[in-house]
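Please consult the sequence and the coordinates while reading.

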Amino acid sequence: MYEPIRTKSVVHRMGAAPSDYPHSSRGEALDIQLAGHLAALLAVTDELGLDEAAAEIAVQVTRLRGSQPARAQRRPAADVAALHQRAHDLAARALLVAASRADTTVAILAAERMDAHAAALKSMDLAGAL
C-alpha cells in the first residue's frame, strides 16, 4: 500500500520563478502534435504525387502553425505500398489527435485520407493476386 506524500518537493530551481518558463496549455500542445502529424502526412502525400490531397492537408497545417509547411519534392517511389501504409498510419494518428481536440475539419480530412490509402492498398493487393 502506498503512503501519500506529505512534504513539499525538495527540487527547486535557483532564482527561477514558475512564470520564468513558457508553458503551453493542453490545447496548444494538441495543436502542435496535430500539426506535426499532418506535416508528416503531407510529406508522404507529396512523395506519392497526390497534389489535390496534399493541398488540402497543407491548408490545415498552415492554419495550425500559422505558416506555410515545407513541401517534399516528388521523386520516384521505390515502394508505393509502403508509402500508402505509412500515410494511412499517419492519418490515423492525426484523426486521434483531431478527435481529442474536437477539430472536426481535420478529423474528416484524416478519415478521408485513411479511406483513400486503405483503398489504394486494397487495389494493390488485388492487382498482385492476379
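Does Arg 101 count as buried, exposed or partly exposed? Its relative accessibility is 24%, so Arg 101 counts as partly exposed, the limits being under 20% for buried and over 50% for exposed. The model is a predicted one, and a search of the whole structure finds four salt bridges.

**Helix α3**

- Helix α3 comprises 22 residues, 80-101, which should span 32 Å at 1.5 Å a residue; the C-alpha atoms at its ends are 31 Å apart, in agreement with that expectation.
- The buried residues in α3 include Leu 83, His 84, Ala 87, His 88, Leu 90 and Ala 91.
- Ala 94, Val 97 and Ala 98 are also buried in this helix.
- An α-helix has 3.6 residues a turn, so residues three or four places apart point the same way.
- Ala 102 follows α3 and has a positive phi, near 60 degrees.

**Salt bridge between Asp 31 and Arg 101**

- The side chains of Asp 31 and Arg 101 meet in a salt bridge with an N to O distance of 2.0 Å.
- This pair links distant parts of the chain, since Asp 31 belongs to helix α1 (residues 26-48) and Arg 101 to helix α3, 70 residues apart.

**Salt bridge between Asp 46 and Arg 71**

- A salt bridge also joins the side chains of Asp 46 and Arg 71, at 2.8 Å from N to O.
- Asp 46 is in helix α1, whereas Arg 71 is in the loop between α2 (51-65) and α3; the pair therefore ties together parts that lie 25 residues apart in sequence.
- Asp 46 has a relative accessible area of 7% and is therefore buried.
- Arg 71, with a relative accessible area of 44%, is partly exposed.

- In the salt bridge of Arg 63 with Asp 103, the closest N and O atoms are 2.6 Å apart.
- Arg 63 is part of helix α2 and Asp 103 is part of the loop between α3 and α4 (104-129), so this contact ties together parts that are 40 residues apart in sequence.
- Arg 63 counts as partly exposed because its relative accessibility is 42%.
- Asp 103 counts as buried, its relative accessibility being 7%.

Technical notes: Residues numbered from 1 in each chain as written. Predicted model: local features only at pLDDT ≥ 70, side-chain atom pairs only at ≥ 80, totals over all residues. Heavy atoms only, no water. Helix = DSSP H or I, 4+ residues; strand = E, 2+ residues; numbered from the N terminus. Expected span 1.5 Å × (residues − 1). Buried < 20%, exposed > 50% of the residue type's maximum accessible area, 1.4 Å probe, protein only.
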